[in-house]
Amino acid sequence: MKFIDEAKIFVKAGDGGNGCVSFRREKYIPRGGPNGGDGGRGGHVIFQADASLTTLYDFKFKKHLKAKRGEHGRGSQQDGKDGSDIVLKVPVGTLIHDEETDELLADLDKQNQTCVAARGGRGGRGNAFFKSATRQAPRFAQPGEKGEERALRLELKLLADVGLVGLPNAGKSTLLSVISKARPKIADYPFTTLAPNLGVAIYRSYPPFTVADIPGLIEGAHKGTGLGDKFLRHIERTKIICHLVSLGPDERETPWERFCVVTKEMENYDPSFRKRKQVVCLTKSDLLKGEEDSYDIARIFKKKKYPIFVISAVTREGVGELLEHLAKSLRQ
């Protein structure tokens, strides 16, 4: 299923049913009086967060959604049936905005959390409601109210404990496939990952935690270069940002320079990223000729007081230490 993290839709709640004008007419009851029932309420448009969903793909084709209207009132004081609500399932982490005002209507960041995006119209009162001692035969009733209608913008921000970021081919997808059961596409060319991938990591007796693999960033991403910065929204909620920096011999820049490129793009997108917990992970250590090379590189990051790990997803070197650090940090 294609990953869709933005959608624009139009929703219309059901109109309320009209009240009924009716009078009781029976042979031996000459003054039966009014007995028109009330109209039913129109159906609401409700969004509900569902953890089993990971994309807004369903809304790519269903762009106009409408709830049922309420039934009209009937004689014999029979009220109309309420219109049925429509419940739209969205992934956990979905934000619902009013497209016209840009108002945030809801942030569905918990399982089964709901939001009424458009309320159904109230049903009109029948003439039986208006009878009184001074108005014994009202010949009018209320019409039903119109249901709300709105243009909405849905925006998905994945909920993950750890976000993996880095330049293309830094080894993010490979690491995710090693520490979880996620199976992202892995290849030796840039931009293999075109959409975020999510996996659950389990290490020893620590509680499981979710890890998001974010498509590779390049210099100028905040201006739309490469895949742009649109996927950075998916690490806005992460508790820890894990920078993956390749130690491959075919890289042009130094590991520190590659780290700075990604950091700069993240801060251009949102300056608050610098306040988040961050970990640096030097990947592909199996491609180095000597161990002293990785120690020299790691020393630069340690001077900047970043937690540093040297790993190889192929040989599993250092992966256990990284997972233990992440698991412990999430508990603090």
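A disulfide is counted here when two cysteine sulfur atoms lie within 2.5 Å of each other. In this predicted model, that rule gives a count of zero disulfides.

**Cysteines**

Let's start with C242. The closest cysteine sulfur to its own belongs to C281, at 4.9 Å, and this is too far for a bond because the cut-off is 2.5 Å. C242 is also buried, since its relative accessibility is 0% and buried means under 20%. Another cysteine, C20, has a relative accessibility of 14%, so C20 counts as buried too.

**Accessibility at a glance**

| Residue | Relative accessibility | Class |
|---|---|---|
| C242 | 0% | buried |
| C20 | 14% | buried |
| R299 | 45% | partly exposed |

With 45% relative accessibility, R299 is classed as partly exposed. Between the C-alpha atoms of R299 and K62 there are 53 Å, and the two residues are 237 residues apart along the chain.

**The sheet**

Now for the strands. Five of them form an open sheet with mixed pairing, in the order β3-β1-β8-β5-β6. At its edges are β3 (64-66) and β6 (104-108), each of which pairs on one side only. From one strand to the next, the twist averages 25°.

Which strand is joined to β1 by seven bridges? It is β8 (residues 149-156), running antiparallel to β1 (residues 6-12). Within this pairing, E6 has E155 of β8 as its bridge partner.

Technical notes
Residues numbered from 1 in each chain as written. Predicted model: local features only at pLDDT ≥ 70, side-chain atom pairs only at ≥ 80, totals over all residues. Heavy atoms only, no water. Pairing = 2+ DSSP bridges. Helix = DSSP H or I, 4+ residues; strand = E, 2+ residues; numbered from the N terminus. Axes fitted to C-alpha atoms, helices over the stretch in contact; angles between N-to-C directions. Buried < 20%, exposed > 50% of the residue type's maximum accessible area, 1.4 Å probe, protein only.
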